[in-house]
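Keep the sequence and the model in view as you read. This report goes from single helices to the charged pairs that link them.

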Amino acid sequence: KLSVLAMLGRLSDDKGDDAENEIELGDYFDLLEGLYRPRFDIKHLGYHVEARSGSEQAKYKIDVRTLDIVLEKLLENALKFTPEGEVRVYWSVSAGEGDDLLLNITVRDNGIGIAEDHLKRIFERYFHVEPEQGVRPSSGLGLYIARELTDRQGGTLSVVSQQGVGSEFSVRLPIERGRRL
């Protein structure tokens with residue numbers, strides 16, 4: 001887990017210093033589920049990580065550090081703002097433009113949600129909503145960092161949310177096919 005300062009340093013790195021690795025996405029998401037499972041269990045929250053159809057078992061080239069940071073920020077927020085219920089992570093690989101491939105990830109919770117007037121600013125640097133009682137305040141950097149890193153990889157990060165219902169964050173990152181398994 002990187003500190004906020006290390007993540008900000010990564011954002012200011014003009015070289016981009018991609019840490020592109022070949023990974024099998026099913027293995028990656030299995031590890032992600034295992035890594036976060038104890039934290040969700042402590043809060044008595046449901047936690048599910050699922051591949052969507054069409055996600056063949058193959059190696060893909062992707063900047064794993066960016067993927068790690070983006071998912072960390074999204075899952076940390078889901079843990080923080082979901083007092084009861086569940087968090088679901090869905091992933092798939094789809095065709096992009098031409099021969100390009102996209103890794104699609106959805107993190108959906110049924111937490112407190114985000115008020116409509118805050119949605120426009122949710123990815124701004126230092127923006128944070130006043131915490132609900134029992135929720136620790138934040139720096140307002142997590143979603144900013146996630147969006148910046150996603151943008152720098154040529155991807156997108158978006159959110160749909162309704163206060164009192166929950167939030168759904170969608171990530172789309174370009175990937176390349178690696179070796180077949």
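Buried means under 20% relative accessible area, exposed means over 50%, and partly exposed lies in between (1.4 Å probe, protein chains only). This is a predicted model, in which local features need pLDDT of at least 70 and side-chain atom pairs count only at pLDDT 80 or more, while totals for chains, interfaces and linings use all residues. Residues are numbered from 1 along each chain as its sequence is written, and side-chain values use heavy atoms, without hydrogens and water.

**The core**

A nonpolar core is a set of buried Ala, Val, Leu, Ile, Met, Phe, Trp, Tyr and Cys residues joined through side-chain atoms within 4.5 Å. The largest one here has 46 residues. L25, F29, L75, L103, I105 and V107 have the most contacts inside it. Helix α3 (residues 64–81) gives the largest share of this core, nine residues. Helices (H or I, at least four residues) and strands (E, at least two) are DSSP runs, numbered from the N terminus. Contact means heavy atoms within 4.5 Å. Leaving out residues up to four places away in sequence, L75 touches L32, Y36, F40, Y47, V87, V89 and V107. In soluble globular proteins, nonpolar side chains tend to be buried together.

The expected span of a helix is 1.5 Å times one less than its number of residues. Helix α2 (residues 25–42) has 18 residues and should span 26 Å; its end C-alpha atoms are 26 Å apart, which agrees. Where does α2 bend? The bend is about 40 degrees, at Y36, and the proline P38 follows within four residues. That bend is the angle between axes fitted to the seven residues ending there and the seven starting there. The buried residues of α2 include L25, F29, L32 and Y36. Just after α2, H44 takes a positive phi of about 60 degrees.

Is α3 largely enclosed or largely open? 14 of its 18 residues are buried, so α3 is largely enclosed by the rest of the structure.

Both helices have a cap at the N-terminal end. For α2 the cap is E24, with a side-chain oxygen 3.1 Å from the backbone nitrogen of G26. For α3 the cap is D63, with a side-chain oxygen 3.2 Å from the backbone nitrogen of R65.

**Helix α5**

T150 is found in helix α5 (residues 142–152). T150 has 0% relative accessibility, so it counts as buried. I145 also lies in α5, and at 1% relative accessibility I145 counts as buried. Just after α5, G154 takes a positive phi of about 80 degrees.

**Salt bridges**

A salt bridge is a side-chain nitrogen of Lys or Arg within 4 Å of a carboxyl oxygen of Asp or Glu. The whole structure has nine. Three of them are listed here.

| Pair | N to O distance |
|---|---|
| E76 and R39 | 2.5 Å |
| E72 and K73 | 3.6 Å |
| R108 and E168 | 2.7 Å |

E76 lies in α3 and R39 in α2, so this pair ties together parts that are 37 residues apart in sequence. E76 is buried, at 12% relative accessible area, whereas R39 is partly exposed, at 35%. E72 and K73 are both buried. R108 in strand β5 (residues 101–109) and E168 in strand β7 (residues 166–180) are 60 residues apart. R108 is partly exposed, at 31%, and so is E168, at 26%. E33, R37 and D41 are linked in a network of salt bridges.

How values were computed. A polar contact is a pair of N or O atoms within 3.5 Å; within protein, one must be able to donate a hydrogen and the other to accept it, and residues adjacent in sequence count only if both atoms are side-chain atoms.
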